[in-house]
Amino acid sequence: MTLRLDHFDADLEEMIRGSVKSILDNQNEAGAIIASPDFAEYGFCWLRDASFCAYALDLEGEHEASARYHNWVRRAVEGITPLLESVTRSQQGDELLDDELMPPARFSMDGTMVHDDWPNFQIDGYGTWLWSLEQHLRASNRRSLPVEFVPGVRTIATYIHEFALTSCYDVWEEHGSDRHTSTLACIFGGLSSARRLLEDDTLGDRANEVRSVLLSTAREHGHFTKSNVNDDVDASVLWLSTPFAVVDPHDELLSVTATLIQTRLEFNGGIRRYPTDVYFGSGAWPVLTATLGWHFVATGELAEAQRCLEWLVDHFDEQGCLGEQFDGELRDRTNHDFWVRKWGPPAKDLMWSHAMFVVLARELSRAHSGEASDEFRVEGGIDPGRRTT
Ligand code: BGC
């Protein structure tokens, strides 16, 4: 699909509306948003993907749909509260925990836990949910945390407070024995939101501890690394600044990291996950190309951001679907074919890809028109109530 992007015209608005409609069409009555409707392995609701989707819905004024999602998470969390509390107690008592028995990264669409061999122990989604919930409350002009959310937010905040610095699977559901930079970014964002929502400074203290760990590792290497054991980059590390505000978008270490990400991960104009990735041959991901674009909006590099947006626009198909990744078969045919034999072709329509397209398009459009971003950003520590452009 081609589109003129030299100014923000009606076509772009129509594409944004199309992506919002895709997300809404893939949300059930109860509020869950399926990761992808056409890829069997993704027939679930991930906290990670769907919390970004809810953020995109709020940006576009779809507060009722976003509220339905957040209420769905609230009920899903209620369902696993005994598990969350028991693993939190075990962690406080220094007991050994089995990764497979940890709270899940994804739920069935009815909000129940899925029992299979997928790696459960991924704490990032819980942090991202808290961040997304705070964004939703602000976008819908709620001044405080609705009372029915208090127990769930408290349980999740305590859970991520306890496990913040524990190794777990990363945002790509891999490498369960490492501590991952982007996971810590999500945890920082979640703790910071919970600190404001619950007015609990101990959560802010923990967030600052997480930031210190991140900064000291980055200083050692001269850039933010993928994890505590892998000193290469990972594109999800960009979340450190946008949206989770661990560091400023202009932070020097982050700038070096962003340059490395472009040098090492750019493929056919889009951005891959990390250098040694093999999933479906490791093509370029709309989610990550949009993430880089969002970073460029934050640094004021609007021409670069626009290039990212144009790449996304070019990857919608004629039906308005936006897939998970592109051109893995051109980069690494062997691994691409391995995954196709295992699970079929990559997801053709991924809700998280739509969400990130909406976020980038809207943020860039606002930057062009000189409007302030809607995102609630915390700079230089825990600083409630501060807004920046
Ligand atoms: C990705 C996850 C994502 C999930 C559902 C996996 O392949 O690694 O980050 O949450 O798909 O989209």
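The expected span of a helix is taken as 1.5 Å times one less than its number of residues, and helices here are DSSP runs of H or I with at least four residues, while strands are runs of E with at least two, numbered from the N terminus. What we are looking at is a predicted model, in which local features need pLDDT of at least 70, side-chain atom pairs count only at pLDDT 80 or more, and totals for chains, interfaces and linings use all residues. Residues are numbered from 1 along each chain as its sequence is written.

Let me start with helix α11, residues 302–314. Because its 13 residues at 1.5 Å a residue should span 18 Å, the 18 Å between its end C-alpha atoms agrees with expectation. A residue is called buried if 20 or more other C-beta atoms lie within 10 Å of its own, exposed if 12 or fewer, and partly exposed in between, with C-beta atoms placed from the backbone. In α11, the buried residues are A305, Q306, C308, L309, W311 and L312, and they pack against β4 (270–271), α10 (286–299) and α14, where contact requires C-beta atoms, placed from the backbone, within 7 Å.

Turning to α10, its 14 residues reach 20 Å from first C-alpha to last, close to the 20 Å expected, and 13 of the 14 are buried. After α10 comes G300, with a positive phi near 85°.

Now, which residues make the contact between α2 and α14? On the α2 side they are D49, F52, C53, Y55, A56 and L59, and on the α14 side M351, W352, A355, M356, V358, V359 and R362. By class, this contact has eleven nonpolar, no polar and two charged residues, counting Ala, Val, Leu, Ile, Met, Phe, Trp, Tyr, Cys and Pro as nonpolar, Asp, Glu, Lys and Arg as charged, and the others, Gly among them, as polar.

Finally, some backbone details. Most residues other than glycine have a negative phi, and most peptide bonds are trans. The peptide bond from T242 to P243, however, is cis, with omega near 15°, and P243 sits in the loop between α8 (201–221) and α9 (252–265). N268, which is not a glycine, has a positive phi of about 50°; this residue lies in the loop between β3 (266–267) and β4. D327 likewise has a positive phi, near 70°, and its place is in the loop between α11 and α12 (328–331). Is D327 buried or partly exposed? D327 is partly exposed, because 18 other C-beta atoms lie within 10 Å.

Note on methods: Contact = placed C-beta atoms within 7 Å.
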